[in-house]
Amino acid sequence: MGINISRQTDLTANLYLQKFVGRTHIAHDDLEFWKALLNYNISIPETSQDQLNLDSRLESLCQSFISNNLKTGNFGSLIVVFLEKVTELLSLSDQESNLHIWQTFNALFIIRTVIKYIIETGSEFQLLQHFEAIPNEELLKAEEANLTAVTAENVIVGVETNSNDEAAMQINTAVMVDGSKFETFIDAIVNLIVVIPVKEFTYHLHLESVNCLITLLSVHLFTQQPAEKLIIFRTIYKCQHANVLMSALLHFVARLVEVPPTMFGNSSTGSFVFGIAESLLSIFSFRKQQDIFKISGATGVELSLQFRQHFPLANQSLLLILILTNHYTSKGNAYRSSLFGCADSKESPKEGSNTFQIDFSAVYETLCRIVTIDQATLLLYLLLHRNERFYKFVMIQPDLEKLVTPILQTLYNAPHSTSHHIYMSLIVLLILSEDDGFNKNVHNIILKNVTWYTERTISEISLGGLLILVVIRTIQYNMLKMRDKYLHTNCLAALANMSGQFRNLHPYVAQRLISLFETLARKHTRLDAQLKEPVNSAVFVNVSTTPEDMMQDLTVLEEVLRMVLEILNSCLSNQLVYCPNLVYTLLYKRSVFEGFRSHHAFQDIIQNIDMVVGFFSSRLQRVQEQRGELGVNEVFEVISKGASQWSSDRLRKFADLKFKYVEEDAPEEFFIPYVWTLVCKYGCVHFSSESIKGVTAEISC
């Protein structure tokens, strides 16, 4: 301790820590002790294995703390010391504050470690007891007497000691928990986050403050009580600071400040702490400097890990935003209202119309960079679905490919993503497709050499064409692997919303649209044939599949086929003149509709497709009779001339395809377990998965 190097392996032998968790009361104004305790350097755990190693080395110290603190009140003394240092920090200049920042960080790290241990092994009430405990002179004297007796008569007095311990526990359970110190502590944490500017030597203090709030809220994982009944949640959700806290957290995400190479170094003041940091370079290095963050070349899990390593403050702030906005969804959540009501800082503020202002360009740019990360996709969903200003801002961006292409890449790599991430990515596309301007613009944005799309080399394609290809592939993947009705419904809804604006479709895109129908049609034919066979027929090879299951599959399949036909019809009704490749493919593949012309579920809409095919077939036949066999270019010439003379009035009118995403009732049942899974999987704070309880017990930390 002091300015000596403190390693994790030395923790249990440290005299200051032993005294802190021991049976002696330490007053908050014992400046010499607290200075010695808080002048330490420790490698922060970065992985779950690091956390396990630290937890195992702290186990005996934490047990001593639990046994003694309700009598000594030392945790309360540390809280007071921390609160005093925060108050001092808020009034100090940069030059004066470096030492305070270092000691404040160290105090908060100890506090968070204690909080985490009690939450994982005890209860919320026990945690609040330790917050509010004050030294009990009578129990301290009794403890000293017990110690003397134990050394004199080991066996007999051992029994007496146990009974004394039980009596002490009974007295200690009566410790009043009014929550006043805890509320003050929460206010101090918020002040650190929102008032202290983020600089190189304050970065880790901000990070530790955000981590402390996440750790406190993790009480949800370790109890079966609903969040609204937990004192910690009720205190944090009092929300007098909702706007400033949400604003600060979203700014941390948008600014994407990289973690400094040293924890408190590179300050221009040449301070005491900086001098120590230079002399203890190996201890203060937060991570290897040779790690180079190349965010553009990473996706999925790889990007999530890089994001956590290089931008831990942005990562943790993003996770805290998701926690705060997804709990209390039906209880007037002020954090949720704050996020959904924020406005662009470039706009003139309207009194009472927004909660805070932030640079939407910065938020948009950051989300474009990290949208393939689960938690970023979820934040994007919340902003697009609930913040009308941000939705309108995104819709007018000229570089939509920066946002949409990574989302498509996530869907393309579906086998490497979670089902939740795939689902949220599709919902984002569905929400985007609700805007006609978006549906038109994506066909005007041309992409070159999309290297990650490996099924076919495409040198040039519109963003709209790529979107259609990836969504079709997702439908086929879902039909084969996931068999999730809601997933392919959302896929088809997005395509349906776009279909009236399909333009200049790439030949391969047109082929894939018809091939989708063809693949589904073959499956329909097989299922229909199986259902018409006797139950004991050899056709029922899979005995686990009942006729009822097959009938259900057939019904779903018919819904999908109908939707695909409606998408084709919508394009032909609205954009036929701009889609010669689709007409060409329909002419070439006209036979795929043969078995459905008389089917009651498809008859009406196939009549429209047949009318288009018949019109162009007759023109081709006439030209062919005049010129002989036609080449591809000549066929397209005929289609182009025919399209200019075609009138969509000939077709039967169907309602416009317009689908709008509507969040289901009780969304917290989906989102809360999802958010905490992300916190455990991608966060910088690692929790004990063995202790997780309740509805979130399936979460893997």
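**Entry: ground rules**

I noted that this is a predicted model, in which local features need pLDDT of at least 70 and side-chain atom pairs count only at pLDDT 80 or more, while totals for chains, interfaces and linings use all residues. I also noted that residues are numbered from 1 along each chain as its sequence is written, and that side-chain values use heavy atoms, with hydrogens and water left out.

**Entry: the chain as a whole**

I counted 31 helices and 4 strands in the chain, where helices (H or I, at least four residues) and strands (E, at least two) are DSSP runs numbered from the N terminus. Of the 701 residues, 55% are buried, and here buried means under 20% relative accessible area, exposed means over 50%, and partly exposed lies in between (1.4 Å probe, protein chains only). Among contacts (heavy atoms within 4.5 Å) with a separation of 6 or more, 75% join residues 24 or more positions apart.

I then checked pLDDT, the predictor's confidence in each residue, from 0 to 100: the chain mean is 83, and 82% of the residues reach 70 or more. Over residues 148-175 the pLDDT is below 50, and this stretch has 17 contacts in the model beyond near neighbours in sequence. Residues 266-296 also have pLDDT below 50, with 66 contacts counted in that way. I remind myself that where pLDDT is low, the predicted coordinates should not be read in detail.

**Entry: back to helix 16 and helix 17**

For the angle, I recorded that axes are lines fitted to C-alpha atoms, for helices over the stretch in contact, and that angles run from 0 to 180 degrees between N-to-C directions. The crossing of helix 16 and helix 17 is left-handed, meaning that the near helix is turned anticlockwise from the far one by less than a right angle (clockwise would be right-handed). From helix 16, Ile321, Leu324, Thr325 and Asn326 meet Tyr335, Arg336 and Leu339 of helix 17. By class, this contact has 4 nonpolar, 2 polar and 1 charged residues, where Ala, Val, Leu, Ile, Met, Phe, Trp, Tyr, Cys and Pro count as nonpolar, Asp, Glu, Lys and Arg as charged, and the others, Gly among them, as polar.

**Entry: helix 12 and helix 18**

Next I looked at helix 12 (residues 242-255) and helix 18 (residues 360-370), whose axes are 8 Å apart at an angle of about 55°. The crossing of helix 12 and helix 18 is left-handed. In this pair, Leu250, Val253 and Ala254 of helix 12 meet Ala362, Val363 and Thr366 of helix 18, and the residues of the contact divide into 5 nonpolar, 1 polar and no charged.

Is Ala362 buried or partly exposed? At 24% relative accessibility, Ala362 counts as partly exposed, and its C-alpha atom is 9.2 Å from that of Val253, 109 residues apart along the chain.

**Entry: two buried residues**

Lys181 is found in helix 9 (residues 180-195) and, at 19% relative accessibility, counts as buried. Leaving aside neighbours within four places in sequence, I found Lys181 in contact with Gly76, Ile79, Val80, Phe131 and Glu132. The C-alpha atoms of Lys181 and Glu132 are separated by 6.3 Å, although these residues are 49 apart along the chain.

Asn490, in helix 25 (residues 485-499), counts as buried at 11% relative accessibility. With its neighbours within four places left aside, Asn490 is in contact with Tyr423 and Leu430.
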